[in-house]
Every structure is written in structure tokens, then in C-alpha cells.
Number of protein chains: 2
Amino acid sequence: MNIGEAARGSGLSAKMIRHYEAEGLVAPRRLENGYRDYAATDLAVLRFIRHARALAFPLEDVRKLLALWHDRGRASADVRRIALDHVAALEAKAEAMQAMAHSLRHLAQHCNGDARPDCPILDELEKLP
Amino acid sequence: MNIGEAARGSGLSAKMIRHYEAEGLVAPRRLENGYRDYAATDLAVLRFIRHARALAFPLEDVRKLLALWHDRGRASADVRRIALDHVAALEAKAEAMQAMAHSLRHLAQHCNGDARPDCPILDELEKLP
DNA sequence: GATGGGGCTTCCCATTGTGGGAAGGTCAAG
DNA sequence: CTTGACCTTCCCACAATGGGAAGCCCCATC
């Protein structure tokens, strides 16, 4: 299976697949002409990567999860800890963004939003501590 | 006022102040020795930038907001539009992250997290569509 | 007047994950 | 044999920030 097929089969772009290989996450064999050749297990790895990235796991976490995935005897506690740490990071960022959205929406509510120049949004951005 | 004082006075790092200058957001005059010299109005601009960045406005938005801020006759609707678009972007990202956190927390709940290798987190990452 | 320390300057590099694009090799169909 | 669709590697870009080197400047202290 060449990289184009692997891309279509995994849902990743060929560009990204090469990148993940450079990062050491996948290692397809090479044909005599230099083309990458993906086995079914490689495809499974690529799909795993796509799912983990869809959950916004940073590549470093994906690397650890792949190592645990390959390790038949790993402790599920190891996986769980990575996942829960990631959940905490996601929730912290999400809350920070919602707090920003909230205060900005509050400012915008007091801006009449017409042709007049008076705008408490700019006033606050100017005067905040 | 040199860049160190401007940094302390604005709450930005000197590094970032130079970066914002390279981006065209602030233009301090130069002394004969080449040092940047910040006027009180420059400091106000820097503080404005810091507040806008604290609300996660991308630099492009900060640029537009600064232009509107400098424009005494601008329409408040223009500012409001930028702010509300940004609120929508923030909320969309926050919701996406919370959705990811939610499904991952759900997976983790079904992982016993002990020394045994059985872990539905990895199983799902492997098998998802 | 020399020396030392701290501040300033510019320039380059790294980060994270993704994409664009050039230059060149390969293969299959016409 | 040409054409087009692949593939290869390598370099560059993004946004926003930080690290660090090399070199100049200023001021205080000896």
C-alpha cells in the first residue's frame, strides 16, 4: 500500500503521514524504488493517530499512547492517567476561553453598535488595569 | 522611556514589544544611540495590546481594533462586529474542546485504571470509525 | 581613566501541527 | 515516447512567544 492509499485509508494527509514518520510514530518499509509501503498494521497505527489527534492529544501523548498500545502487558492505569491529564488540560483551556468570551460578550452588550463612535469595548481595552 | 521601562509599564516583555513593532502596531521614536524611546501614547498602545491579547484577540484583530481606536470618528458597530465575531470563535473552540474532554472522560470512566492491561481507551482509539 | 554590570541593539533558532510548493524520479496507459 | 498521476526529499510559511549570541552603550565605582 503506497502513501496515497494509506492516506485515503487512514483519513490523514500524505504530508502528515510523512511528518508522523519523521516523528518516529510509524515506520513503513520501503520498496526498491524508494516508495513507502504500508502494511495493514501500519494503517492501524495511522488510524490510531488520527483518532488520538481528533481528541486533541498532543503528539507527545500520542507517542506514549502508541507505546502503551504496542505493549500487551501495560497497566491500564498508565493510559488512564495520560487521558485524565489531557482531559484536565482541555477543560482548563476551554474554561479560560469561555471566561474570555463571557467578558467580551458583556462588553459588547454595552456597545450600541451603531454609527456613533462611542464604544465601551475600546474604552475598556484602553483602561483595564 | 526606554524599552525596559515600557515593558514594566505595560506588562509586556521587551521581546514582545519589539515583535509588535515589527508587526507595525507601535512605532516609538529612536534616540541618537539607536535606543527606542516610548512616549506616554506609545505606552497606552502597548497596554491596549496587552488587554486585547489577554482576551485572545489575534494580532490581526488587534491591528484592526487599534486602527478603530485611533479613528475618533469610527462607528461603534465596526468594533462590535470584530468583538462578536471573536466571541463566536472563542465559544466554538471552547465547545469543541469541552466535547473532546467529555468523550475522553467518558472513555476513562470505563477504564479500571489498575495494573491489568485491559483498557477501553486504547480499544476505542483503535476501533473508532 | 579603566573596569564591571546591566541595558540596549539586531539576528537566528525553537516551539506545534499543518500546509504549500519546487525539483526530480517512477510508473502505467495511450 | 509522451502524458499525467503518482512518489521522493527539501525548504518555507503560519502565530505568538521565548532563548540566546554578539556587540554597542551608559553609568557608577575604584
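**Reading the contacts**

Mentor: Let us begin with one pair: Arg105(A) and Glu91(B) form a salt bridge, with 2.9 Å between the closest N and O atoms; the term stands for a side-chain nitrogen of Lys or Arg within 4 Å of a carboxyl oxygen of Asp or Glu. Across the interface of chain A and chain B, the rule finds two salt bridges.

Trainee: What should I keep in mind about the source of these values?

Mentor: This is a predicted model, in which local features need pLDDT of at least 70 and side-chain atom pairs count only at pLDDT 80 or more, while totals for chains, interfaces and linings use all residues. Residues are numbered from 1 along each chain as its sequence is written, chains are lettered from A and ligands numbered from 1 in the order in which they are written, and side-chain values use heavy atoms, with hydrogens and water left out.

Trainee: How many residues of chain A are in contact with chain B, and which element gives the largest share of that side?

Mentor: Contact means heavy atoms within 4.5 Å, and here 53 residues of chain A are in contact with 53 residues of chain B. Buried area is the accessible area (1.4 Å probe) that two parts lose on being put together, summed over both; between chain A and chain B it is about 4600 Å², with carbon and sulfur atoms giving 69%. On the side of chain A, Leu104(A), Leu122(A) and Leu125(A) lose the most area to chain B, together 14% of what that side buries.

Mentor: A polar contact is a pair of N or O atoms within 3.5 Å; within protein, one must be able to donate a hydrogen and the other to accept it, and residues adjacent in sequence count only if both atoms are side-chain atoms. Eleven residue pairs, both at pLDDT 80 or more, are in polar contact between chain A and chain B. The largest share of the side of chain A that touches chain B, 22 residues, comes from α5(A), where helices are DSSP runs (H or I, at least four residues) numbered from the N terminus.

Conventions: Helix = DSSP H or I, 4+ residues; strand = E, 2+ residues; numbered from the N terminus.
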